[in-house]
Amino acid sequence: GVKQDGQVHGGMPSDFKTSDHGLTKLKVAVRGGVVFASFDHDIESLEDYLGPTILGYYDRLFNGRQLKILGYNRQRIPGNWKLMQENIKDPYHPGLLHTWFVTFGLWRADNKSQLRMDDKHRHAAMISTRGAAGKADQVTQVSSFKSEMKLHDPSFIDIVPEAWWSGPTAVMTTIFPSVILQQQVNSVSTRHIQPNGHGSFDFVWTHFGFEDDSEEMTQRRLTQANLFGPAGFVSADDGEVIEFSQQAFESKPFHRAVAELGGKGVENTEHMVTETLIRGMYRYWRDVMEA
């Protein structure tokens, strides 16, 4: 209230207790410097939710080193939020869609690779080890677009192997329903899916490094981050294709998509030419919706 002439006028009644009217309390978990929160206090622990397989890839990235935020990107994509989860569970599209990945060998279908899921198939990790640049048609039957393409600035692929990689040069981890963890060579970031209504979602990138990075490594991470984000040399393709996909779905709402590449089952695999992760995610999503 307002104090005037020794009296308090207005304000809340004398029996009002601020402790009874606080902000909504969330269930919070912190692991490796990352904070998770849920409105559901009965949800299982973060560790149980991820499961041992995906938790291993999570801990590979967030291994206890102090994190250092480098910057953010934000974009609004006119598509259903599940399409972005599907995009990062689709290991074969980079070799078809992304000129950058194929030409410079960062992610190709013939790279040594593994696809791993949790027991409920809701989360996944796509693991790839960088191959050679240039022609790929001998092994994939898909040739590199402009295979002789060169960079004006070669620092974009000034890649330095890091000890914590333990082999793979790229691991893309999807945590259902809204988080993506990215390690593409030296570029590391999180991506957060924020649905904002029918057929649209905001996509927030947080690019980071580690406090003990050298100045050269920090600059390298920032430079390679230009492959990603709304105008990234690679990620601009994904946003556009998701928009096209949404337009097609809405034009034919009763049509169905076929996801039978690599079979009809849901299992871990040692190659990228499969839709097993997509089938697993939609199977789990359907179980949640029908429950």
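This is a predicted model: local features need pLDDT of at least 70, side-chain atom pairs count only at pLDDT 80 or more; totals for chains, interfaces and linings use all residues.
**Largest pocket**

I counted 33 residues in the lining, and the closest to the centre are Leu83, Glu86, Phe249, Ala257 and Tyr282. Next I looked up which elements give two or more residues to this lining, and found helix H2 (82-88), helix H7 (235-251) and helix H8 (276-290). H7 gives the most, with 8 residues. Sorted by class, the lining of the largest pocket comes to 14 nonpolar, 7 polar and 12 charged residues.

**Second largest pocket**

I then moved to the second largest pocket, where about 730 Å³ of space lies. I found 29 lining residues here, with Val35, Phe36, Ala37, Ser178 and Val179 nearest the centre. I also checked which elements supply at least two lining residues each. They are strand S3 (27-31), strand S4 (34-38), helix H1 (46-61), strand S5 (67-77), strand S10 (187-197) and strand S11 (200-210). S4 has the largest share of this lining, at 5 residues. By class I noted 18 nonpolar, 8 polar and 3 charged residues around the second largest pocket.

**Asn186**

Where does Asn186 sit? I found it in the loop between strand S9 (179-184) and S10. Buried or exposed? Asn186 has 0% relative accessibility, so it counts as buried. I followed the side chain of Asn186 and it reaches the backbone oxygen of Val160 at 2.8 Å. Val160 also turned up when I listed the contacts of Asn186, leaving aside neighbours within four places in sequence.

**Whole protein**

Last, I stepped back to the overall numbers. I get 8 helices and 11 strands for the secondary structure. The C-alpha trace spans about 90 × 50 × 35 Å along its principal axes. Of the 291 residues in the protein, 44% are buried, and Asn186 is one of the buried ones. I looked at contacts between residues at least 6 apart in sequence, and 65% of these join residues at least 24 apart. For the surface, I noted that the protein exposes about 16000 Å², with carbon and sulfur atoms supplying 53% of it.

Methods:
Residues are numbered from 1 along each chain as its sequence is written. Side-chain values use heavy atoms; hydrogens and water are left out. On a 1 Å grid over the protein atoms alone, a cavity is a set of points where a 1.4 Å probe fits but cannot get out, and a pocket is an open set with protein on both sides within 12 Å along at least five of seven lines; lining residues have an atom within 4 Å of a point. Helices (H or I, at least four residues) and strands (E, at least two) are DSSP runs, numbered from the N terminus. Ala, Val, Leu, Ile, Met, Phe, Trp, Tyr, Cys and Pro count as nonpolar, Asp, Glu, Lys and Arg as charged, and the others, Gly among them, as polar. Grid points are joined across faces, edges and corners, and a volume is the space filled by probe spheres set on the points. Buried means under 20% relative accessible area, exposed over 50%, partly exposed in between (1.4 Å probe, protein chains only). Contact means heavy atoms within 4.5 Å. Accessible areas come from the Shrake-Rupley method with a 1.4 Å probe; for residues, only the protein chains shown count as cover. A polar contact is a pair of N or O atoms within 3.5 Å; within protein, one must be able to donate a hydrogen and the other to accept it, and residues adjacent in sequence count only if both atoms are side-chain atoms.
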